[in-house]
Amino acid sequence: MVSTDGRRRAAVLGSPIAHSLSPVLHRAAYAELGLTDWTYDRFEVDEQALPGFIEGLDSSWAGLSLTMPLKRAIIPLLDSISETASAVEAVNTVVFTEDGRRVGDNTDIPGMIAALRERGVEKVESAAVLGAGATASSAVAALAVICTGPVTAYVRSRERSDEMRGWGERLGVDVRIADWADAGQALRAPLVIATTPAGTTDALAGAVPDAPGTLFDVLYEPWPTGLAAGWSSRSGAVVGGLDLLVHQAVLQVEQMTGRSPAPLAAMRKAGEEALAAR
């Protein structure tokens, strides 16, 4: 299909998707950039429906953001993916080129790095990762850039342990495995990245040391998490999920629109206001 009305479209796909803040962030960017012909929506799409959805897009589409469970399912449907996306076998961004190609990228990893750098975290000698899911692999990839020493991953199962070791080997990171029962020890690391679902780390709040380093908790709702609140109460630096969401969205906007720099401040403000209204 070919679009003839001049508009440009983008959207976020996933399942579930109703909670996504991506439309708020991208629309704020379009407004700030004066892109009045651009729209950004959300669509409930699972792995089975994904191929049909992609095939049904016309030439008005500029790009897609992808969340779970589609970050790996999209890869066979693309013409190419970036080295960053290939490193973790996960695509969260698709750009449709003028010649009709579908190009995949992962902005979660540079988004993590940018969010940490914004808070002054450029390099650390060691780090800890809480959890071993999809976001944890992106965390290991980010740590490949900023961590000069070992990364300890606190996990619940042997299967997850093997996966995290595999990511470490693939990404050139010295990943060491520890049992989740000892997760309180993770909080002594200069950088702790929490990648677990809501409520999982609440019990660790009482184990925050007196002089903590930096906590990067990838959740943004509910916020603050129990761990983040405990961390802040001891004057530790906290990077939140909204920071990650905004920084990865900035990169998506730049790739999809060709406009740079994307309006970080306006996008963050829109995200904060949307969360406050929930």
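## Overall dimensions

With 278 residues, what radius of gyration would a compact globule have, and what does the chain have? A compact globule of that length would come near 19 Å, and the chain has 19 Å, which agrees. Here the radius of gyration is taken over C-alpha atoms, and the globule rule is 2.2 Å times the number of residues to the power 0.38. Along the principal axes, the C-alpha atoms fill a box of roughly 60 × 35 × 30 Å.

Before we walk through it, please note that this is a predicted model, in which local features need pLDDT of at least 70 and side-chain atom pairs count only at pLDDT 80 or more, while totals for chains, interfaces and linings use all residues. Residues are numbered from 1 along each chain as its sequence is written, and side-chain values use heavy atoms, with hydrogens and water left out.

The chain holds 9 helices and 12 strands. These are DSSP runs (H or I over at least four residues for helices, E over at least two for strands), numbered from the N terminus.

## The mixed sheet

Let's start with the sheet that contains S1. This open sheet has 6 strands in the order S2-S1-S3-S5-S6-S4, and its pairing is mixed. Two strands count as paired if DSSP finds at least two bridges between them.

S4 runs parallel to S6 (residues 102-105), joined by 2 bridges, and Ile-81 stands opposite Gly-104 in S6. Helix H1 (residues 22-33) packs on this sheet, touching S1 (8-14), S2 and S3 (61-66), and its direction makes about 175 degrees with that of S2. Helix H8 (residues 241-257) lies across S1, S2, S3, S5 (93-96) and S6, running at about 15 degrees to S5. Axes are lines fitted to C-alpha atoms, for helices over the stretch in contact, and angles run from 0 to 180 degrees between N-to-C directions.

## The parallel sheet

S8 (residues 151-155) pairs with S9 in the parallel sense over 5 bridges, and Tyr-154 stands opposite Ala-178 in S9.

## Helix H4 and its partners

The axes of H4 (residues 108-118) and H5 (residues 134-146) come within 9 Å and cross at roughly 55 degrees. The two are therefore oblique to each other (under 35 degrees is roughly parallel, over 145 roughly antiparallel, 65 to 115 roughly perpendicular and the rest oblique). Contact means heavy atoms within 4.5 Å, and the residues making it include Met-112 and Leu-116 of H4 and Ala-142 and Val-145 of H5.

H4 also packs with H8, at an angle of about 120 degrees and with their axes 8 Å apart. H4 and H8 are therefore oblique to each other. Among the contact residues are Asp-108, Gly-111 and Met-112 of H4, and His-247 and Leu-251 of H8.
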